[in-house]
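Please open the model in your viewer and keep the selection panel at hand. The tour moves from one selection to the next.

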Amino acid sequence: MTNNAIDQNVLNNLLESVGGDLEFLRELIETFFDDSPGQFQAMESALESGDAELFRRAAHSLKSNSASFGALELSKLCKSLEEIGKSGQLDSGKKLLAQAEAAYRETSAALAEYINV
Amino acid sequence: MESNLHGHILVVDDNKLNRKLMLRLLKDLGHLVSQAENGVVALNILRDPQAEAVDVVLLDIMMPELDGYGLLEAIKGNEKLRNIPVIMTSALDELDSVVRCIEIGATDYLTKPVQPSLLKARLKSSLAEKRLRDLELEYLEQVGYVVSAAEAVETESYEPESLRHVAMRKDALGRLARVFQKMAQEVHLREQRLKQQLAQLQLDIEDMQKALSEKLEIYIPMDRRQAIYNETELPDFSTGAVLFADISDFTGLTNELAEEFGHPRGAEEITRLINQIFSALVEEVHGYRGSVINFTGDAITCWFDDHPIVNEVQDGTITDAAGARASACAMLMQTALQNLPYRVSGPKTKMDPGIKVAVVSGPAFRYLVGDPKIQYLEVLVGRPLEKLEKAEGLIKRGEVLVDFETFEQCAALFAIKEQRNSLDSDDRFFVIEDLKTLIAPTPWPDLPDRALDENICRNWIHPAVYRHALSNTRQYLSDLRPAAAVFVYFKGIDPLMDSHAGILLDGYIRWMQGVIDTQGGAILQLSFGDKGSYLYASFGAPVTQTEYAVRAVRAALLLLQKPGGFNSIFGEQIGISHGYMRTGTYGGDTRKTYGVIGSNTNLAARLMQAAQPGTILVDQETYEATANSFEFTILPEITVKGRPAPIAVFSPVREIGREDRRQQLALNTLDRFTPTQQMLLKIASVIGQTFSRSILVHLLPVETEKENHERDVEHILSSGVIQVADDSDYLKFTQPGLQDAIYQSLLHAQRRHLHRQIALTMEELSMETPQDIYPQLAHHWRAAEEISRAVDYYDKAGKRAQELGDLVNASLFFKESLTLSSSGSVLSKDYMDR
């Protein structure tokens, strides 16, 4: 159950805030799983096309969502990505994006584990 | 309370996950939730008139399409939406943006991820604020309804229903609405009542307009009007017939109507009725070329000349003798009265007035007397008038009575019902059953509108009546108000014996008019006969004034002191009574007068008859109202007609002036004592209302003996003029006015001397405790006209009072001191410097 990718406390608080409704949490996490790949895809294509605004917005969403689930590492990376988008210097984003994708994989694994418990 | 704070929350966030979570959290808190993924969708929801109104917006900043800033600005810029609280939801690192949003108008913010407890708290306060604003808005809106309702009342389109909702409120506004509803209801009812009264008012207005459009000439007898118009004079002596018509029992009716309708309604009703009757009667008189010479209360005296003056073209149209015309007129008067459409009747009072009519024929004198600046008075005198006096007692209601002369003149004309003989003369009268022949009316020629100069007409109208007639005050038309009636009887002018009777009468009347006018009264009637004449004057009406009873009595006393030129006039008898009377102008549409009529008029006339020649009789009420101003002789009770029990009567002898009365009191009192005792009282009066026995005795001249003084004081004490005050050394005057009266009776120098003596004695006797009598010493020194000493004592008295904490008196004394010193007399500079 211990996974560095997510802060269990945050996830527990979230569960508590919805009255311990695990089913709802599961639904939220599934939504996260559904949406997140699209965000990454958006960032990648934005890197190619140089669409800084698109990049920033996708990073912002991912940052917000990952924070909700206690995926602090991922959220931190997304925040950096968002700042890159804001600065418009997308060139420096590619490496960071790869790191974020890695972090997402860990996070999603941890979350999948969490909801399957 | 919490349940009230559930609302409709709009979540605006492009992030699906965030929306989902927020939706769940809000639903768990019991709110109705809508969601929008961007600002455009949110605006559509906010503006949707079908949708439940949004109470709070939870707004993300970063969104595609319309972002948070854009939506916030749109909300705050919209009249209908700007009151919706907006809570920004943002990441911790977006706080800069949040500050900007708060500046634009956001209510609050929440950081994501959202803490449920914070969300709950923020929503609670925002909803509460929203509710408060909504209530405020509703309140303002409902205030608007009340304002609209008030406007509606003004424009008479008020609907009570319009305030139903506001009236259900439990707060002050609801109460206002309820009170307003009630008031509006009352206004409505009153309006209804007013409308009902409108018909009545219409009648009143008609009356008033009639009065206003009235020509002043209707105050002048018709024959005089014709003569003035034709620039001729009426003859002083002429033959013709006198018609007398009396509306029976009218005075009684006045009281009944006054009771039923109240004042002044009763007076107005009575006047309305009497005017209708007079209009009908006068129409007949003028129809037969007669003239109303005088109104005597509710009776008229008319003259029908055998050869009335008309313009030359129509002269000669008169073929019937005056007696025939007057008799025909009299018969028609009775018929007219039967046919009168009475407009006035109350539920209790039935209007059934009748008239008594008499026609007498013969030669008569016609005088115009009095000062035109005050008022001309028309006088008819001669044998027919004497016969009329006899006839009056013989007529019954509804009858027409003619004298023998008239009967003889037109014997063929009359069907006679019965003969009635006078009990105290040889006069015979006949009651007419019917007229055998028709006597065609021969009306006066019409005069052009306002044929007579107003300035000429004014000579027949008392100035006060004229002023009122112009001022168009409704109250004036008729009113019940207090007034005094003065009847003056006099003898000694006989037109048959004295060819200068008219001149003498004119002079005497002018003198009386002057006396009465000076006291504010007015002569209303003059009746002149060789056996005696009388005039009726009123005080309190038409000239409104205070102390009208005093003025009436004063005038009466003055009337008994006629100038030497009128020595042939004698046997004056005066009667005075006062009370509520019907006052105002009355009469017909074509002939009017001003009258003051009531039971007091009758009583005054009876008192006049009962008075000894050269004296005045007044009734109890007049006595009581004037007893302070006049010396009266109280006479035995007398019985008068119209009063069931004997009444108290009083005769004023002379007027007492205010100074006179005080002087009288002092002199009468002092006269009862020896010179030494008088001196004691005088000294006492200078000391004051209360005085010390020891000072009093001390002040007496040395040569008299002290034991005697004590005895004198005891004597005065036993007389009751003075009495012991609280302390046996102190005495006081029993009657408060007496001290002042005696004091005022002293000569100035004597007073000043005594004040000085008293001041010196008081200083001497109070060496040890002078501080107690500083005020008295100041007073006496002042009256002794030693101002510097007085100022000194006022200062001392002021300081003393200050020491004692009596600041009121202290300030009074200092003020006296200041007043005296600033008056400048006898003052040395050192006083000024202080």
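This is a predicted model, and the first stop is helix α29 of chain B, residues 807–822. Now colour B:Phe813, B:Glu816, B:Ser817, B:Leu820 and B:Ser821, which are buried in α29(B). They cover an arc of only 125 degrees around the axis and therefore lie on the same side of α29(B). As background, an α-helix has 3.6 residues a turn, so residues three or four places apart point the same way. Turn to the face of α29(B) directed away from its buried side, where the exposed residues B:Leu807, B:Val808, B:Lys815, B:Thr819 and B:Ser822 are found.

Next, select the open sheet of chain B, in which five strands follow the order β2-β1-β3-β4-β5 with parallel pairing. Its edge strands are β2 (32–36) and β5 (108–112) of chain B, each of which pairs on one side only. Neighbouring strands of this sheet are turned by 20 degrees against each other on average, if direction is ignored.

Within the sheet, show β1 (residues 8–12) and β3 (residues 56–60) of chain B, which run parallel and are joined by four bridges; here B:Val11 stands opposite B:Leu58 of β3(B).

Helix α2 (residues 39–47) of chain B touches β1 and β2 of chain B, and its direction makes about 165 degrees with that of β1(B). Helix α5 (residues 116–154) of chain B touches β3, β4 (86–91) and β5 of chain B, and its direction makes about 160 degrees with that of β5(B).

Conventions. Residues are numbered from 1 along each chain as its sequence is written. Chains are lettered from A and ligands numbered from 1 in the order in which they are written. This is a predicted model: local features need pLDDT of at least 70, side-chain atom pairs count only at pLDDT 80 or more; totals for chains, interfaces and linings use all residues. Helices (H or I, at least four residues) and strands (E, at least two) are DSSP runs, numbered from the N terminus. The expected span of a helix is 1.5 Å times one less than its number of residues. A residue is buried if 20 or more other C-beta atoms lie within 10 Å of its own, exposed if 12 or fewer, and partly exposed in between; C-beta atoms are placed from the backbone. The arc is that of the directions from the helix axis to the C-beta atoms. Two strands pair if DSSP finds at least two bridges between them. Axes are lines fitted to C-alpha atoms, for helices over the stretch in contact, and angles run from 0 to 180 degrees between N-to-C directions. Two residues are in contact if their C-beta atoms, placed from the backbone, lie within 7 Å.
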